[in-house]
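Subject: Structure handover

Hello,

Here is the structure for your review. My notes follow it.

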Amino acid sequence: MTMRTDVRYGFIYKPLLFLICLVPVAWVLAGIGNALAITHLPVPGLGADPVRRMLGIFGHSALNLLLITLCVSPLRQLTGNAQLLRLRRMLGVFACCYALLHFLAYVGPFQGFDAHAIAADIYKRPYITLGFTALLMLLALAITSTNGWMRRLGRRWQQLHRLVYVIIVLGVWHYWWQVKKDIREPLLYASVTALLLGWRWWRRRARRARSATSNYALPTAPERT
Amino acid sequence: MPRPSLPYIPPSEITAERHFQVRRELLAGALGLAGAALLPGRAVGTAAAPALAPLHFTRNARYRVADPLNSYEEITTYNNFYEFGVDKTDPAANSDSLRTRPWTLSIAGEAEVTGTFHLEDILRQHPLEERIYRHRCVEAWSMVIPWVGFPLADLLKRFRPTSSAKFVEFTTLLDPRQMPGQRSGLLDWPYREGLRIDEAMHPLALMVVGVYGRELPNQNGAPLRVHLPWKYGFKSGKSIVRIRFTARRPLTSWPAAFPGEYGFYANVNPRVDHPRWSQATERRIGASLFGQRRPTEMFNGYGEQVAELYRGLDLRSNF
């Protein structure tokens with residue numbers, strides 16, 4: 001006998017995914033705890049510069065989760081498993097949480113809560129402007145990710161949430177712009193982003209081409225937007 | 001090939017036995033540096049220090065810093081040394097392949113004495129001293145480091161640079177087998193750095209052979225590196241194999257790769273930002289989680305000693 005899909009997702013897959021998504025923040029907390037000799041957990045240390053490391057872990061986690069979120073639709077289309085969509089909201093909200101943690105690590109440990117320096121950075125440094133813009137957009141999407149907001153926004157909900165494509169581009173750009181010289185890793189992120197956005201563009205084009213041919217003999221209706 | 005001999009050193013310059021003994025005692029003192037009185041709240045990490053030979057040195061009281069020292073672990077696991085990889089932890093992980101013995105140093109260019117010398121022949125002639133210097137990276141982080149070395153000027157003078165020697169160029173070892181990072185095209189290897197001759201002759205410019213009383217670990221630029229505490233860290237060439245006196249300003253590695261971001265002078269200057277980040281403040285590595293940010297000082301706090309070198313020079317365009 002197979003378990004019902006609702007039960008499988010609600011009691012197994014989702015809690016499991018939730019725990020996996022907590023791993024980076026748990027690692028950072030354990031690393032700080034170890035460094036302060038409060039905890040003695042067997043985790044890889046955060047090294048001589050835990051602040052920079054923390055920024056990196058949170059930033060990478062946000063980008064990784066955004067890219068995984070963007071993998072859900074292609075995977076559903078490739079496997080035909082529509083249930084995968086049930087996991088997407090959690091992935092997206094976690095991506096936002098890590099982006100927020102990345103920002104808070106920057107505000108507190110990295111900048112020492114210096115409001116003037118932070119404002120100057122956001123205003124003057126293009127890569128920080130990009131990252132901050134992406135964070136604000138991501139927060140808007142996380143806030144409107146609830147069922148209530150989906151109902152309230154109706155059709156516009158999907159339009160709004162297409163912002164995720166802008167966010168991932170800004171996020172990868174933000175990363176690219178701050179490395180000193182070695183762009184191999186940002187390039188990898190950019191390639192995966194290009195692949196995921198390219199897939200969507202290609203499918204959209206193919207779909208339009210299909211509907212154009214099938215509509216060939218039909219009387220033309222005013223295009224709906 | 002006959003090796004040119006080093007210039008004659010009067011016996012008075014050679015360390016007397018009694019000083020030698022004093023140094024041994026000082027060394028014992030240095031290893032006891034972990035004393036809580038000297039370094040409140042900081043572990044020095046000498047217990048975990050690798051089997052690097054202890055050095056004989058005196059402590060130069062003129063070059064001290066009020067701030068606590070960074071730990072041995074911080075100094076030796078957080079490095080920018082792209083010859084071993086671009087991550088801060090890469091040099092400590094990947095530099096075992098560097099062989100620092102035997103090591104030769106070539107002297108070339110506008111000097112009366114040029115040629116290739118064995119490092120130990122050179123080092124024999126320089127009494128070592130410990131100097132505690134602030135180290136400021138162009139990436140806006142800093143450390144406080146107890147280097148062991150000798151004045152760069154003492155070394156350079158031995159080769160009697162001629163009047164046409166206006167600049168000095170330092171070249172790092174080029175050997176991708178020993179330095180795996182050189183297999184990537186990140187920079188135009190070998191790494192080259194340079195100074196105006198008066199900067200190089202300044203008493204603050206230090207030829208470094210050790211840290212925390214012991215020989216330099218490979219990741220810190222063994223066996224021979226310079227340290228220029230009033231300049232951003234990238235000016236301090238590591239694992240140096242060649243020193244060349246030149247009449248014209250040498251093209252150095254970072255300005256060659258990114259002329260808009262890194263300059264030849266690279267003096268620490270809180271008023272001249274890097275195009276992508278502010279230099280007004282810096283993070284002191286190892287300070288508490290929320291207390292790392294501190295204002296950056298002009299010339300990294302060494303203005304009293306070095307500002308004279310740059311009188312009349314526009315430090316904004318000559319960044």
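One thing to begin with: the side chain of Arg200(A) reaches the backbone oxygen of Leu196(A) at 3.1 Å.

Before the rest, the conventions. This is a predicted model, in which local features need pLDDT of at least 70, side-chain atom pairs count only at pLDDT 80 or more, and totals for chains, interfaces and linings use all residues. Residues are numbered from 1 along each chain as its sequence is written, chains are lettered from A and ligands numbered from 1 in the order in which they are written, and side-chain values use heavy atoms, with hydrogens and water left out.

**Arg200(A)**

Arg200(A) sits in helix 9 (residues 184–214) of chain A. Helices (H or I, at least four residues) and strands (E, at least two) are DSSP runs, numbered from the N terminus. Arg200(A) has 17% relative accessibility, so it counts as buried (under 20% relative accessible area; exposed is over 50%, partly exposed in between; 1.4 Å probe, protein chains only). Leaving out residues up to four places away in sequence, Arg200(A) touches Leu70(A), Ser73(A), Pro74(A) and Tyr165(A). Contact means heavy atoms within 4.5 Å.

**Chain B against chain A**

The contact takes 27 residues from chain B and 21 from chain A. The two chains bury about 2,200 Å² between them, 55% of it on carbon and sulfur atoms. Buried area is the accessible area (1.4 Å probe) that two parts lose on being put together, summed over both. Arg276(B), Leu289(B) and Arg293(B) supply 30% of the area that chain B buries against chain A, more than any other three residues.

The rule finds 3 salt bridges across this interface (a side-chain nitrogen of Lys or Arg within 4 Å of a carboxyl oxygen of Asp or Glu). Lys124(A) and Asp273(B) meet in a salt bridge through their side chains, at 3.9 Å, N to O. On the side of chain B that touches chain A, the elements giving two or more residues are helix 2 (72–77) and helix 7 (253–257) of chain B.

**Strand 6 of chain B**

In strand 6 (residues 167–172) of chain B, 6 of the 6 residues are buried, so the strand is largely enclosed by the rest of the structure. Phe167(B), Glu169(B) and Thr171(B) point one way; Val168(B), Phe170(B) and Thr172(B) point the other way. Strand 6 of chain B runs antiparallel to strand 7 (residues 192–196) of chain B, joined by 5 bridges. Two strands pair if DSSP finds at least two bridges between them. Glu169(B) has Gly194(B) as its bridge partner in strand 7 of chain B.

Best wishes

Key:
A polar contact is a pair of N or O atoms within 3.5 Å; within protein, one must be able to donate a hydrogen and the other to accept it, and residues adjacent in sequence count only if both atoms are side-chain atoms.
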